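Here are my notes from going through this one. Have the viewer open while you read, and hop between the points as you like.

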Amino acid sequence: YQDMNSEQELKEYIFNILEELKKDYYINSIKLSVSASIGVSFYPEDGTSYGELFKAADIAMNRAKEMGKNRTQFFTNEMKNDIYEIIMIESELRSAIENDEFVIYYQPQFEMDSGRLCGFEALIRWINPRRGFVPPNKFIPQAEKNQLIIPIGDWVLETAADFLNEITALGYKDIEISVNVSVVQLMCEDYVDKVLDVLHRKNINPKNIKLEITESVMMESIEDILHKIGRLSGQGIFFSLDDFGTGYSSLTYLKKIPIKVLKIDKSFVDTITEKDGDKEILSSIIDLAHNIHLDVIAEGIEERQQLDWLKDRGCNVGQGFFMGKPMPKESAIRELGKNIYSED
């Protein structure tokens with residue numbers, strides 16, 4: 001402890017602490033390295049009691065960790081507002097299912113060669129009576145942190161299965177529905193049983209359901225998750241690897257996961273029309289997938305030029321605003337039988 005006469009003195013003091021911690025330490029001849037994330041709050045701006053100041057510093061420290069660790073973060077009112085917002089969203093999420101505030105929008109997917117509609121991706125939307133439309137990136141991470149993604153994910157699968165039965169009754173028996181799966185769901189011991197129960201109760205053909213997982217899923221308890229994916233795959237359920245190419249584990253696990261589809265992230269598709277775009281990388285991804293007998297879905301197609309380029313490179317399926325935005329169930333039903341090339 002020492003008296004500080006200015007914020008600059010405090011910054012220099014913290015810098016010296018971090019520099020000291022960077023030095024190597026030896027315990028029983030083993031070299032160890034230590035780093036620190038430091039949160040700072042000020043009296044009386046950020047609190048007038050020990051409890052208030054400690055909470056503010058803790059919030060700032062967690063923000064430092066989120067920004068890459070081994071750094072210093074000063075508490076701000078913006079952080080306080082963010083924390084309050086998270087608390088309110090968590091509170092309202094708990095009653096959202098019971099109050100029927102969630103809806104599913106369906107984004108159409110089309111075969112690139114034939115142009116026919118071949119499936120939909122089920123995308124959850126939250127329409128809160130006080131907030132209005134709440135974007136998924138605002139509530140999904142919080143739902144994962146507090147385990148609410150489990151009942152929410154159960155509801156999504158049930159609702160998507162009901163929609164699948166509706167379109168099957170209309171004579172469209174070869175339409176696939178893609179449902180996103182969180183790692184939190186996959187970590188549940190009863191996840192496989194719950195999925196199979198839904199398919200059994202609703203008399204769903206497993207080949208019409210496709211479960212989408214992301215690369216980040218494979219970073220958590222890989223063996224347990226692979227076992228569950230293998231059990232479901234053995235029952236005829238297809239798996240798709242979403243956001244392919246945005247993480248670091250793709251090639252490591254690509255051969256281990258019993259998937260049928262690679263889904264190319266929108267960030268790659270966005271650059272197709274740019275001079276210094278990712279055309280070579282994208283072509284390599286498509287070739288790699290086909291060489292190991294996987295289909296390729298490209299998401300985020302917003303221009304005809306992107307569609308034509310992906311079709312020429314052998315991409316199997318596409319989706320995006322150019323082909324159809326996410327839409328309510330009633331609008332999705334009207335899309336059945338649509339061909340994107342017949343409207344040229």
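1. Ground rules. The model is predicted, with local features needing pLDDT of at least 70 and side-chain atom pairs counting only at pLDDT 80 or more, while totals for chains, interfaces and linings use all residues. Residues are numbered from 1 along each chain as its sequence is written, and side-chain values use heavy atoms, with hydrogens and water left out. Helices (H or I, at least four residues) and strands (E, at least two) are DSSP runs, numbered from the N terminus.

2. Helix α4. In this helix, residues 136-145, the buried positions are Phe139, Gln142 and Ala143. (Buried is under 20% relative accessible area, exposed is over 50%, and partly exposed is in between, using a 1.4 Å probe and protein chains only.) Looking down the axis of α4, these buried residues fall within an arc of 105°, so they line one face of the helix. The arc is taken from the directions from the helix axis to the C-beta atoms. Asn137 and Lys145 are exposed on the other side of α4. As for partners, the buried residues of α4 pack against α3 (77-96), β5 (102-111), β6 (117-128), β7 (132-134) and α5; contact here means heavy atoms within 4.5 Å.

3. Helix α7. Residues 191-201 make up α7, and its buried residues are Tyr191, Val192, Val195, Val198 and Leu199. Down the axis of α7 they fall within an arc of 130°, so they too line one face of the helix. An α-helix has 3.6 residues a turn, so residues three or four places apart point the same way. What do the buried residues of α7 pack against? The list is α5 (149-169), α6 (183-186), β9 and α8 (222-234). After α7 comes Asn203, which has a positive phi near 55°.

4. α5 against α7. The two axes come within 10 Å and cross at roughly 25°. That makes α5 roughly parallel to α7. Axes are lines fitted to C-alpha atoms, for helices over the stretch in contact, with angles running from 0 to 180 degrees between N-to-C directions. Under 35 degrees counts as roughly parallel, over 145 as roughly antiparallel, 65 to 115 as roughly perpendicular, and the rest as oblique. On the α5 side, Ile150, Asp154, Leu157, Glu158 and Ala161 make the contact; on the α7 side, Lys194, Val195, Val198 and Arg201 do.

5. Strand β10. This strand (residues 238-244) is mostly covered, with 5 of its 7 residues buried. It runs parallel to β9 (residues 209-214), joined by 5 bridges, and Leu211 stands opposite Phe239 in β10. Strand β11 (residues 261-264) also runs parallel to β10, through 3 bridges; Ser240 has Val261 of β11 as its bridge partner. Strands pair if DSSP finds at least two bridges between them.

6. Two loop residues. Leaving aside neighbours within four places in sequence, its contacts include Asp242, Asp243, Lys263 and Gln319. Lys275 lies in the loop between α10 (266-270) and α11 (279-291), and at 82% relative accessibility Lys275 counts as exposed.
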